[in-house]
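Visitor: Please show me the structure, and I will ask about its parts one by one.

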Amino acid sequence: MRFCFWLAVCVSLAAPLVSQASAQHLTPEQLDRLSQERQSELGSRNWGPPPTVTQAPQTLHATPVPVTCRSPAHDFEPLFAEPRRGAVHVGTAAPQIAVTDTVFQGWRQVLRSGTTFAWIPEADVVAYRPLVDGASRACVVSGENAAGMVLFTHPAK
């Protein structure tokens, strides 16, 4: 055990003495020349036409209970499994949360997904605040997708 300690001390003291790797110092012209040489070695490639991206329309399901779009008062607000401070943390509130009308002893219920709920102090729930200045301040819970993820819509001003 003592040997490991002294080995660690010696290594940490010797570390600054080891020369650091230096970056290549090539001019832009030299880099262009090397790039052209490498491209001639590889030859041309025909990757074909770009793929067409077609997204299947998402099937939205209604949320199991009525919810409203809100924001937490502070970034990274913890979400709790039960309406009390000592409860297990089950996650962190995103910038937009789907809150229910259920309030219990100063705690507001939050829909996480499907029929999974969490709790946040009622005082920490504020009107929706967009992340970007000038963005729409309107936020509507549009439903849940097939995976149970709560989806939000932000109508234009």
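Visitor: Is Arg33 buried, exposed or partly exposed, and what is its relative accessible area?
Guide: Buried means under 20% relative accessible area, exposed over 50%, and partly exposed in between (1.4 Å probe, protein chains only). Arg33 counts as partly exposed because its relative accessible area is 43%.

Visitor: What kind of model is this?
Guide: This is a predicted model, in which local features need pLDDT of at least 70 and side-chain atom pairs count only at pLDDT 80 or more, while totals for chains, interfaces and linings use all residues. Residues are numbered from 1 along each chain as its sequence is written, and side-chain values use heavy atoms, with hydrogens and water left out.

Visitor: Which residue does Arg33 meet in a salt bridge?
Guide: A salt bridge is a side-chain nitrogen of Lys or Arg within 4 Å of a carboxyl oxygen of Asp or Glu. Helices (H or I, at least four residues) and strands (E, at least two) are DSSP runs, numbered from the N terminus. With 2.9 Å from N to O, the partner in the salt bridge is Glu37.

Visitor: How far apart are the end C-alpha atoms of helix H2?
Guide: The expected span of a helix is 1.5 Å times one less than its number of residues. Helix H2 covers residues 28-42, so its 15 residues should span 21 Å. The model agrees, as the end C-alpha atoms are apart by 21 Å.

Visitor: Which residue follows H2?
Guide: The residue has a positive phi, near 80°. The residue that follows H2 is Gly43.

Visitor: How far apart are the closest N and O atoms of Glu41 and Arg38?
Guide: Glu41 and Arg38 are separated by about one helical turn because they are three residues apart in helix H2. Glu41 is exposed, with a relative accessible area of 60%, and Arg38 is partly exposed at 49%. They form a salt bridge, and the closest N and O atoms are apart by 3.4 Å.

Visitor: Which residue forms a salt bridge with Glu122?
Guide: The closest N and O atoms of this salt bridge are 2.8 Å apart. The pair links distant parts of the chain, from Glu122 in the loop between strand S6 (116-121) and strand S7 (125-126) to a residue in strand S5, 14 residues apart.

Visitor: Which residue forms an aromatic pair with Phe80?
Guide: Rings of Phe, Tyr and Trp (its six-membered ring) pair if their centres lie within 6.5 Å; planes under 30 degrees apart count as stacked, over 60 as edge-to-face and the rest as tilted. By this rule the count is one aromatic pair. It is edge-to-face, with 5.3 Å centre to centre and 90° between the planes, and the partner of Phe80 is Trp107.

Visitor: Where do Phe80 and Trp107 lie?
Guide: Both Phe80 and Trp107 are buried. They are 27 residues apart and link distant parts of the chain: Phe80 is in strand S2 (residues 78-80), and Trp107 is in strand S5 (residues 107-113).

Visitor: Which residue has its backbone nitrogen 2.9 Å from a polar atom of the side chain of Ser71?
Guide: Ser71 is found in strand S1 (residues 68-72) and is buried, with a relative accessible area of 0%. The backbone oxygen of Pro95 lies 2.7 Å from a polar atom of the Ser71 side chain. The backbone nitrogen at 2.9 Å belongs to Arg129.

Technical notes:
A polar contact is a pair of N or O atoms within 3.5 Å; within protein, one must be able to donate a hydrogen and the other to accept it, and residues adjacent in sequence count only if both atoms are side-chain atoms.
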